Protein chains: 2
Amino acid sequence: MLENKNPQRTSLEKMGEFGLIKHLTQNFELVQPSSLKGIGDDAAVMDFKEDKTVVSTDLLVEGVHFDLGYMPLKHLGYKSVIVNLSDIYAMNAVATQVTVSIAVSNRFGLEALEEFYDGVRTACKLYQVDLIGGDTTSSNKGMLISVTAIGTAKEEELVYRSGAKPNDLLVVSGDLGGAYLGLQVLEREKEVFKVNPNNQPDLEPYSYIVERQLKPEARKDILEILNKLEVKPTSMIDISDGLSSEILHLCEQSEVGCNLFEDKIPLDPTVISTSEEFKMDSTMIALGGGEDYELLFTIDQADFDKIKGNPNLTVIGHMTDKKEGAHLITRANTKIQLKAQGWNSFSEE
Amino acid sequence: MLENKNPQRTSLEKMGEFGLIKHLTQNFELVQPSSLKGIGDDAAVMDFKEDKTVVSTDLLVEGVHFDLGYMPLKHLGYKSVIVNLSDIYAMNAVATQVTVSIAVSNRFGLEALEEFYDGVRTACKLYQVDLIGGDTTSSNKGMLISVTAIGTAKEEELVYRSGAKPNDLLVVSGDLGGAYLGLQVLEREKEVFKVNPNNQPDLEPYSYIVERQLKPEARKDILEILNKLEVKPTSMIDISDGLSSEILHLCEQSEVGCNLFEDKIPLDPTVISTSEEFKMDSTMIALGGGEDYELLFTIDQADFDKIKGNPNLTVIGHMTDKKEGAHLITRANTKIQLKAQGWNSFSEE
């Protein structure tokens, strides 16, 4: 069930590099008025008028960032776009274009790449971004994906990591820890599958957290909500490496401290029950588990009434003077220094 | 002599991902007024005012696009930037920023990455572009580089592949085939080195073509020359995959044909002598050998007098009606249909 089954396989060699790019990108339409020229020239051309241009890029490596053993290629294409759009939204900018480059070994056929691009197209369509470039090449081993996302914002709309002030409230969208626990479930089922390939795992109880891992969303909707509420965050970052690591980025760049309250951290019931099943502490998972792609931001206390009660937003702490440092206030009311427990690809080898 | 010797080796694990990026990019300054925010937030921010934004991206894979057996890491960093700048110049745009992402296996230490970034910095400095982002991560095997180049141009300055008209002159900068032959020399010396590691190859007679392979330049200077001469190309492309493949791109996108004259193709004396040594046809090398990063463009015949006699530019043919097709007119005055002989990474496996 978890294996990628694909009986068809058309060799990539036959198509050549240009034929391949043309074939894979033929069903992509440009919908953004700012996309003047997409794929097909030496470079793409965009017109952002007087607005600022925002650019972010990420590299995803098979065996390091994803495992094709349980990650369907369509989901991978989707997720590759999403993780980059998330960075653009974290600037309070509108994502408008992406470039997607892939390197694949000859174990991949055309059908596999079509599946991947199908996921890219689904993400582009849902988030209204245009695929405007990329590169398709071969690798000696495995699959590699590089995505660059481009966006635009008026100067006064941009939100950096550096604008938080003492007494600002710390707010997070959605809930945390699901993507990490979803990965644990998938890893466990992979091991079961190795021992008994006929075993059909029941992932139904874990569907929420598995989806958080395999098909995350970028919180474009949060920007729309904040815009409607007339709340402009003072600082913002997306949660790709775990809550504590991201809080420390905000603290460092804004030169402030932080008190984070354990009992305020939003957790889905599936996260709580699965943490117990894995004998893991759910707070530690929220603090250290990455890939949730929620938005973490600070707002002025005066804006509290505007966001109060919004089911998408949770106030989890407040910023302090820099000299007070960054701490977790536990349920038992003890104060623990926050440490970056984020995911480090170099330590996993 | 061709091996990369480095006695020092600091483990990447110790530094972590954020520490590593910070360390590697600490000596990069922002010089472009359009670079509002570089490395250090979720995304970089640029201000191109009313000008258009131009973006191009490339993926370079060890063992496919480069061989560290003879490619020093500093040169590799330099070349990775150059090949992307070349795409921006081929739009007649000014290159202003790059993002550089790398994935490396644990056989690379910090010193190796420092060397690589040293080359990136040298290219950035010489071409006056800012490093504004990127990603550094681990790979299971080998090294992978993804560069995105960003540039800017006024709408009326942009030159696409699609603007050539019948009777336009076909012009190329510099000379062709050197990078490909340089690679042949390096491959041969690598084989010799394998058999006899004490053998010191004499690369002096090949220094021009070896440099064309290891340290290519992007022809920013050609844009300045054309600008001074008040010549705006009707179409343009950079030569990364070989002359014939690039001519066919211009023909296809401009819906024209082309007559290319064999005796006009500019070849360096080293290319001619080394072709003979390798028993290869120098015309075939110019047509099919890639990585020269020269600019290929078309101009209106009325502009001929302006470029005539310029040592950097050679008229090698003229465009025709589409129905006449694209041909090479040989020295013996026979007409041979041009075929894409460009480098295809999928056929090399």
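T57(A) is found in strand β3 of chain A. The model described here is a predicted one. In an unreviewed UniProt entry, T57(A) is listed under "binding site", together with D58(A) and D135(A). These residues span 79 residues in sequence, yet no two of their C-alpha atoms are more than 14.3 Å apart, so they gather at one spot.

Strand β3 of chain A, which covers residues 52-61, also takes part in the meeting of the two chains. This strand pairs with strand β2 of chain B (residues 44-46) in the antiparallel sense, over 3 bridges. Within this pairing, V54(A) stands opposite V45(B) in β2(B).

Chain B contributes 74 residues to the contact, and chain A contributes 74 residues. Between them, chain B and chain A bury about 5,900 Å², with 52% of this area on carbon and sulfur atoms.

Charged and polar pairs also link the chains. The rule finds 8 salt bridges across the interface of chain B and chain A. One of these joins D47(B) to K52(A), with the closest N and O atoms 3.0 Å apart. Residue pairs in polar contact between chain B and chain A, both residues being at pLDDT 80 or more, number 29.

On the side of chain B that touches chain A, strand β3 (residues 52-61) of chain B gives the most, with 9 residues. By class, this side of chain B has 28 nonpolar, 25 polar and 21 charged residues.

Definitions and conventions
Residues are numbered from 1 along each chain as its sequence is written. Chains are lettered from A and ligands numbered from 1 in the order in which they are written. This is a predicted model: local features need pLDDT of at least 70, side-chain atom pairs count only at pLDDT 80 or more; totals for chains, interfaces and linings use all residues. Side-chain values use heavy atoms; hydrogens and water are left out. Contact means heavy atoms within 4.5 Å. Buried area is the accessible area (1.4 Å probe) that two parts lose on being put together, summed over both. A salt bridge is a side-chain nitrogen of Lys or Arg within 4 Å of a carboxyl oxygen of Asp or Glu. A polar contact is a pair of N or O atoms within 3.5 Å; within protein, one must be able to donate a hydrogen and the other to accept it, and residues adjacent in sequence count only if both atoms are side-chain atoms. Helices (H or I, at least four residues) and strands (E, at least two) are DSSP runs, numbered from the N terminus. Ala, Val, Leu, Ile, Met, Phe, Trp, Tyr, Cys and Pro count as nonpolar, Asp, Glu, Lys and Arg as charged, and the others, Gly among them, as polar. Two strands pair if DSSP finds at least two bridges between them. UniProt positions are given in the numbering used here, feature names are shortened, and annotations may be inferred rather than shown by experiment.
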